[in-house]
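Please read the following points with the coordinates open.

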Amino acid sequence: MSNLFVAWGTTYLLGIVFLAMDVVFLPLFEFRGIPALSVVGGALILLGSSSILNWIFKIAWAERSDRNVAQDN
């Protein structure tokens, strides 16, 4: 489980670094006028956030289901 948190944290922080690089150094790489690092950074932040929230929801749902099974018996 700790490996997952390290992966999610790294993904999230890498996204923040990419966004910060575009903000501080102005757009380094542009693709048809779109700042590439900002887009990739935003995608990494969304990926990390949604992944951790999905995992937390999955754990909470499993605990809730286990409680309902225990109460029915």
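This is a predicted model: local features need pLDDT of at least 70, side-chain atom pairs count only at pLDDT 80 or more; totals for chains, interfaces and linings use all residues.

**Notes on the model**

1. Glycine 48 is buried, because its relative accessible area is 4% (buried means under 20%, exposed over 50%, and partly exposed in between, with a 1.4 Å probe and protein chains only). The residue lies in helix α2. Leaving aside residues up to four places away in sequence, glycine 48 touches Trp8 and Thr11, where contact means heavy atoms within 4.5 Å.

2. Residues are numbered from 1 along each chain as its sequence is written, and side-chain values use heavy atoms, with hydrogens and water left out.

3. The protein has two helices and two strands, and from the N terminus on the order is α-β-β-α. Helices (H or I, at least four residues) and strands (E, at least two) are DSSP runs, numbered from the N terminus.

4. The radius of gyration is 18 Å, whereas a compact globule of 73 residues would have one near 11 Å. This radius is taken over C-alpha atoms, and the globule rule is 2.2 Å times the number of residues to the power 0.38. Along the principal axes, the C-alpha atoms fill a box of roughly 60 × 25 × 15 Å.

5. Buried residues make up 14% of the 73 residues. The accessible surface comes to about 5800 Å², and carbon and sulfur atoms hold 70% of that. Accessible areas come from the Shrake-Rupley method with a 1.4 Å probe; for residues, only the protein chains shown count as cover. Of the contacts with a separation of 6 or more, 50% are between residues 24 or more positions apart.

6. Where does serine 38 sit, and what does its side chain contact? Serine 38 is found in helix α2, residues 36-72, and its side chain makes a polar contact of 2.7 Å with the side chain of aspartate 22. A polar contact is a pair of N or O atoms within 3.5 Å; within protein, one must be able to donate a hydrogen and the other to accept it, and residues adjacent in sequence count only if both atoms are side-chain atoms. Not counting residues up to four places away in sequence, serine 38 touches Leu19 and Asp22.

7. Alanine 20, in helix α1, counts as partly exposed because its relative accessibility is 35%. Its C-alpha atom is 8.8 Å from that of glycine 41, 21 residues apart along the chain. Leucine 4 also lies in helix α1 and is partly exposed, at 33%.

8. Serine 65, in helix α2, is partly exposed because its relative accessible area is 29%. Its C-alpha atom is 30 Å from that of threonine 11, 54 residues apart along the chain.

9. Leucine 28 is found in the loop between α1 (2-24) and β1 (30-31), and is partly exposed because its relative accessible area is 40%.
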